Amino acid sequence: NKIHFNGVNLTDKVNSVRYLPKGNFSGLYTAEPLTEGYCIDIYFDTSSQMPETAVNYTDMDIVKEKFIKIYNVWNDRNIDYYINSMRIFYDIIKTIKRSSYEYTTKQKKERITKAYEYILKNFMTKDFNYEALCNVTGFSSSYFRESFFKIYNITPTQMITKMRMEYAKELMITKRYKISQIAELCGYDN
């Protein structure tokens with residue numbers, strides 16, 4: 001298919017995945033079929049920062065079966081169809097993120113991985129040192145944030161908050177700590 005979306009022209013290839021950003025683009029989307037086939041469109045909303053331009057991810061045959069499966073699960077409407085669809089959907093996102101991770105240079109990956117490891121070790125620290133996080137990579141703070149987002153599709157700050165929330169959930173499940181203690185263990189003052 002030839003796709004025209006909000007001023008961007010995309011040509012689909014076999015087994016490609018197309019991302020179209022959310023927004024009011026009525027009348028700015030056209031599709032011209034080039035070969036016989038099918039396309040599955042899935043609309044979703046997320047609190048994560050997403051790209052603002054349309055893009056094709058090519059050679060995504062690894063997610064083709066997952067898209068077909070999510071389509072079938074959603075349409076069958078069996079018990080727990082919503083939960084099962086979301087599980088498959090997150091698996092698709094994870095696969096696409098890994099794919100974009102592979103297109104980053106090896107040296108940049110290694111530097112950003114060091115920052116990720118720094119976050120893993122220090123996300124619970126009350127006075128998390130964002131400057132030290134950038135220094136781990138040797139990048140300027142703006143280039144670091146851009147590179148980190150390109151690889152993980154989330155900003156460093158969002159990742160730290162997400163890790164803290166997940167850790168807080170784990171601590172709450174144990175029922176061994178007061179909320180104020182959990183907040184402190186997760187790096188919050190209160």
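Biologist: In which helix is Lys108 placed?

Modeller: Helices are DSSP runs of H or I with at least four residues, numbered from the N terminus. Lys108 belongs to helix α3, residues 106-122. This is a predicted model, in which local features need pLDDT of at least 70 and side-chain atom pairs count only at pLDDT 80 or more. Residues are numbered from 1 along each chain, and side-chain values use heavy atoms, without hydrogens and water.

Biologist: Is Lys108 buried or exposed, and which side chain of opposite charge is nearest?

Modeller: Buried means under 20% relative accessible area, exposed over 50%, and partly exposed in between (1.4 Å probe, protein chains only). A salt bridge requires a side-chain nitrogen of Lys or Arg within 4 Å of a carboxyl oxygen of Asp or Glu. Lys108 is buried without a salt bridge, and the nearest side chain of opposite charge, Glu146, is 6.0 Å away.

Biologist: Which residues does Lys108 contact, leaving aside neighbours within four places in sequence?

Modeller: Contact means heavy atoms within 4.5 Å. With those neighbours left aside, Lys108 touches Phe139, Tyr143 and Ser147.

Biologist: How many aromatic pairs are there?

Modeller: Rings of Phe, Tyr and Trp (its six-membered ring) pair if their centres lie within 6.5 Å; planes under 30 degrees apart are stacked, over 60 edge-to-face, and the rest tilted. The count is ten. Among them, Phe139 and Tyr143 are edge-to-face, at 4.9 Å centre to centre with 90° between the planes. Phe139 is buried at 13% relative accessible area, whereas Tyr143 is partly exposed at 33%.

Methods. Helices (H or I, at least four residues) and strands (E, at least two) are DSSP runs, numbered from the N terminus. Lys and Arg count as positive and Asp and Glu as negative; His and the chain ends are not counted.
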